[in-house]
Amino acid sequence: MLIVVGLFVAFILVVIFSNRTTRNCRWRADRVNDTDDASAWRCAACGGRSFTKTGKPPLICLLNSSDP
């Protein structure tokens, strides 16, 4: 019974602390368009393209952005 309660608590914590703005995005590094000061990223789900200076994937989804 203790294991079931632990799994339930773990599930609730994942739901609470997950980042909903990028839940559906699957960011992939785009090495062709990398620059010296920024890393290029392309989302396999929504097709969005973004650059970051940290070398990590973007923290927002570009699916509903109004950029052309």
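This is a predicted model: local features need pLDDT of at least 70, side-chain atom pairs count only at pLDDT 80 or more; totals for chains, interfaces and linings use all residues.

Entry 1: Asp30 and Arg49 form a salt bridge, and their closest N and O atoms are 3.1 Å apart. I then asked what this pair ties together. Asp30 sits in the loop between strand S1 (27–29) and strand S2 (39–43), while Arg49 belongs to strand S3, so the bridge links parts that are 19 residues apart in sequence. My count of salt bridges by the rule I used came to one.

**Entry 2: cover on the two partners.** Are Asp30 and Arg49 buried or exposed? I found Asp30 at 14% relative accessibility, and since the cut-off for buried is under 20%, Asp30 counts as buried. Arg49 comes out at 53%, so Arg49 counts as exposed.

**Entry 3: the fold around them.** Next I stepped back to the secondary structure. I noted one helix and three strands in the chain, and reading along the sequence gave me the pattern α-β-β-β. The three strands make an open sheet in the order S1-S2-S3, with antiparallel pairing. S1 and S3 are the edge strands, each pairing on one side only. From one strand to the next, the twist averages 35°.

**Entry 4: S2 against S3.** How many bridges join S2 to S3? I found four, and the two strands run antiparallel. In this pairing I also looked up Trp41, which stands opposite Ser50 in S3.

**Entry 5: Thr52.** Thr52 is located in strand S3, which covers residues 49–52. With a relative accessibility of 13%, Thr52 counts as buried. Which residues does Thr52 touch, leaving out those up to four places away in sequence? My list reads Ala38, Ser39, Trp41, Pro57 and Pro58.

**Entry 6: whole-chain numbers.** The chain has 68 residues, and buried ones make up 19% of them. Taking contacts between residues at least 6 apart in sequence, I get 19% that join residues at least 24 apart. The accessible surface of the chain is about 5700 Å², and carbon and sulfur atoms account for 62% of that area.

Definitions and conventions
Residues are numbered from 1 along each chain as its sequence is written. Side-chain values use heavy atoms; hydrogens and water are left out. Buried means under 20% relative accessible area, exposed over 50%, partly exposed in between (1.4 Å probe, protein chains only). Contact means heavy atoms within 4.5 Å. A salt bridge is a side-chain nitrogen of Lys or Arg within 4 Å of a carboxyl oxygen of Asp or Glu. Two strands pair if DSSP finds at least two bridges between them. Axes are lines fitted to C-alpha atoms, for helices over the stretch in contact, and angles run from 0 to 180 degrees between N-to-C directions. Accessible areas come from the Shrake-Rupley method with a 1.4 Å probe; for residues, only the protein chains shown count as cover.
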